[in-house]
2 protein chains.
Amino acid sequence: MNYFSSDFKLGILGGGQLGKMLLSDTRKLDIQTYVLDPSDEAPSRMACNKFFKGDLMDFETVYQFGKMVDVLTIEIELVNLDALEKLENEGLRVFPSSKTLKAIQNKGKQKDFYVENGIPTSKHLRFVDLSDLKKALENDELEFPFVWKCAEFGYDGNGVKIVRSTLDLIHLPDVECIAEDMVPFKNELAVIVCRSPSGEIKTYPVVEMEFHPEANQVEYVICPARIEDAVAAKARAIALNVSEKFNHVGLLAVEMFQTQDDQILVNEVAPRPHNSGHYSIEASYTSQFENHIRAVLNLPLGSTDSKAAGIMVNLVGADGFSGNVIYENITTILGWNGVTPHIYGKKQTRPFRKMGHVTIVNQDIKEARRIAEDVKNTIRVIA
Amino acid sequence: MNYFSSDFKLGILGGGQLGKMLLSDTRKLDIQTYVLDPSDEAPSRMACNKFFKGDLMDFETVYQFGKMVDVLTIEIELVNLDALEKLENEGLRVFPSSKTLKAIQNKGKQKDFYVENGIPTSKHLRFVDLSDLKKALENDELEFPFVWKCAEFGYDGNGVKIVRSTLDLIHLPDVECIAEDMVPFKNELAVIVCRSPSGEIKTYPVVEMEFHPEANQVEYVICPARIEDAVAAKARAIALNVSEKFNHVGLLAVEMFQTQDDQILVNEVAPRPHNSGHYSIEASYTSQFENHIRAVLNLPLGSTDSKAAGIMVNLVGADGFSGNVIYENITTILGWNGVTPHIYGKKQTRPFRKMGHVTIVNQDIKEARRIAEDVKNTIRVIA
């Protein structure tokens with residue numbers, strides 16, 4: 001199949017910043033793209049060949065969009081899976097598949113999947129609703145503290161809460177949920193796996209994540225993680241296994257805990273390009289976005305090795321500011337070596353809204369980490 | 001001035017592949033762009049905020065376009081300079097300036113400029129037309145062999161010819177021209193200089209060029225050039241001087257000869273992003289395109305250092321093929337480490353038409369050079 005400067009059409013469900021960064025590589029390779037997103041102001045609206053406004057959870061909208069393209073992929077997993085399944089049955093190549101997405105979309109099912117497939121993960125219990133969870137507490141089947149997660153539609157730390165006592169239960173919504181053991185971890189790690197329909201598979205190096213204590217959003221992603229080689233090798237092997245067990249195609253970001261005794265426990269996965277891989281645009285021989293495109297088109301995968309150490313700082317809206325965005329002191333950080341801002345193109349900022357990120361690349365990871373901290377302390381997303 | 005996610009508009013004259021690659025970085029920084037190009041199928045048509053179809057040499061078209069933007073730059077130097085001058089007089093920031101472009105656009109004036117400013121260059125004579133040149137030959141003011149160049153509107157080796165005897169004169173057009181001494185050079189080198197209105201200035205490393213013997217188009221660009229440090233330092237110093245003497249703003253590609261006795265002679269300049277800097281997208285901390293944008297917006301310049309060795313192979317249409325383009329064996333080269341194709345998005349190929357390029361990045365320049373040759377011998381642009 002000729003993908004380049006041809007009539008071939010790649011469909012992308014979702015038009016957020018992940019889609020925008022994907023389009024940078026479809027433009028580079030001159031692959032035609034159609035994008036579906038509910039927002040008129042989607043960051044992907046520009047640089048795709050055709051933009052369609054529509055609800056990603058609506059069967060008919062997704063189905064009709066799929067009928068116009070030759071391969072269908074996603075940049076967000078919250079899409080109508082019945083439509084994907086019907087499209088697959090009618091012969092469309094959909095990556096990742098509806099079956100894989102079904103196993104991932106519900107966090108309860110996702111955890112069950114790890115248990116069934118012998119993938120190390122923290123202990124969990126599933127509940128159909130909040131009263132079901134409360135019953136388990138009364139019956140001593142569940143103990144404080146635990147990590148509560150809503151089973152569906154959580155993202156970026158929304159839908160996750162540490163529950164330490166009955167008081168914390170008050171503000172939980174009455175939805176299907178899971179309770180997980182709290183893991184006293186040394187590090188939060190992630191490995192991005194890239195896999196093509198032919199089964200070719202590669203992992204990016206292990207990255208280390210630091211979270212913002214309030215917003216529960218990633219603050220630094222550090223590549224490579226400053227961990228022992230043996231631990232890194234174990235993490236990559238587990239991530240490979242997760243991708244293969246899911247029969248996943250495209251990018252799969254596997255988030256993991258490194259426990260105090262250097263066990264690796266899978267936390268959760270994202271079946272698409274991921275925040276923890278943004279550093280790869282500048283630091284890797286082939287970015288996660290290009291490799292996602294290569295994978296879903298069954299092209300050979302590019303090298304996932306790094307040219308230099310890479311650190312990513314998220315640019316989230318500062319607390320207390322809403323309105324037309326201003327990137328305070330961006331000029332200052334542009335003057336520093338190896339610093340590249342990415343501005344997603346959202347006109348309006350809100351507290352903790354993801355507005356962009358900054359990548360810091362350096363041959364010396366300690367120097368990169370120092371500059372990253374300066375970046376974080378200098379640039380501010382205000383209104 | 002707030003450039004990011006704002007109402008600010010950067011105007012770009014020309015919408016070819018250089019403009020397309022510029023847009024990749026304006027998208028990354030969410031800077032609004034307006035593009036003017038005569039072709040409906042301009043590679044920059046997508047990914048700019050507004051596209052205008054129009055003649056770049058037409059005064060009124062360029063002037064009216066300029067009235068709509070806040071800063072105006074170019075990706076091709078063949079534009080109406082009177083319109084730029086009028087816009088400047090009315091207060092628009094135009095980079096590079098009409099004055100700088102005037103000194104560069106005519107190759108005769110450009111050569112005179114080097115002589116007047118003590119910049120080393122080969123000897124030249126200027127002629128108003130072909131009969132003027134023939135008269136000089138008759139009067140023994142000019143001797144065979146020499147390099148003939150048309151004074152205006154040449155590009156990519158068009159408008160350049162080595163003249164060895166009277167026979168070679170037959171096919172020369174009757175236009176204003178120059179005759180240059182032939183330089184028996186060791187290497188053809190280039191240095192890209194980046195300079196902002198505030199006077200901040202940086203040079204990229206010296207690159208080495210190999211030309212296709214027939215098409216007179218660059219075949220390999222190798223960064224860094226495999227030359228002695230002292231020669232490289234001299235080349236960068238001369239390039240810096242050229243940019244400052246022209247009072248140039250934005251990117252200036254300075255093409256040079258390294259003579260047998262290691263002198264550096266300036267051949268010619270291009271006042272914009274340049275083929276010899278394409279490697280920088282993958283190999284440099286900051287690509288030439290991002291630095292062009294930073295320069296014309298008077299933002300701090302990014303590091304011009306390299307993360308790894310970079311080699312670029314041009315993808316030009318194979319001789320004997322015209323029509324809908326096919327990139328033969330592109331899948332094969334995608335399987336090799338550090339190989340990134342860029343497809344410009346021209347639907348139709350023609351012999352020697354620039355259709356794209358491939359960058360090869362590797363920590364080891366010898367390995368990069370080996371892979372580059374494999375790339376050149378494998379991929380073919382056919383119809």
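In this predicted model, the side chains of A:K111 and A:E180 meet in a salt bridge, 3.7 Å from N to O (a salt bridge being a side-chain nitrogen of Lys or Arg within 4 Å of a carboxyl oxygen of Asp or Glu). Since A:K111 lies in helix α5 (residues 107-116) of chain A and A:E180 in strand β9 (residues 177-180) of chain A, the pair ties together parts that are 69 residues apart in sequence. Helices (H or I, at least four residues) and strands (E, at least two) are DSSP runs, numbered from the N terminus. Both A:K111 and A:E180 are buried, where buried means under 20% relative accessible area, exposed over 50%, and partly exposed in between (1.4 Å probe, protein chains only). The two also belong to a network of salt bridges that links A:K107, A:K111, A:K149, A:E180 and A:E268.

Over all chains, the search turns up 48 salt bridges. One of the others in chain A joins A:K28 and A:E290, at 2.6 Å from N to O. Here the partners sit in helix α1 (residues 17-28) and helix α10 (residues 288-296) of chain A, so the bridge ties together parts that are 262 residues apart in sequence. Again, A:K28 and A:E290 are both buried. The bridge between A:D40 and A:R45 has its closest N and O atoms 3.2 Å apart; A:D40 is partly exposed at 43% relative accessibility, and A:R45 is partly exposed at 41%.

Turning to the interface, chain B and chain A bury about 3,800 Å² between them, 55% of it on carbon and sulfur atoms. Buried area is the accessible area (1.4 Å probe) that two parts lose on being put together, summed over both. On the chain B side, B:R27, B:M46 and B:Y285 lose the most area to chain A, together 17% of what that side buries. Each chain puts 46 residues into the contact (heavy atoms within 4.5 Å).

Helix α6 (residues 130-138) of chain B has B:L130, B:L133, B:A136 and B:L137 as its buried residues. Down the axis of α6(B) they fall within an arc of 115 degrees, so they line one face of the helix; the arc is that of the directions from the helix axis to the C-beta atoms. Their cover includes β6 (124-127), β7 (146-150) and β9 (177-180) of chain B. Just after α6(B), B:D140 takes a positive phi of about 60 degrees.

Residues are numbered from 1 along each chain as its sequence is written, and chains are lettered from A and ligands numbered from 1 in the order in which they are written. Local features need pLDDT of at least 70 and side-chain atom pairs count only at pLDDT 80 or more, whereas totals for chains, interfaces and linings use all residues; side-chain values use heavy atoms, with hydrogens and water left out.
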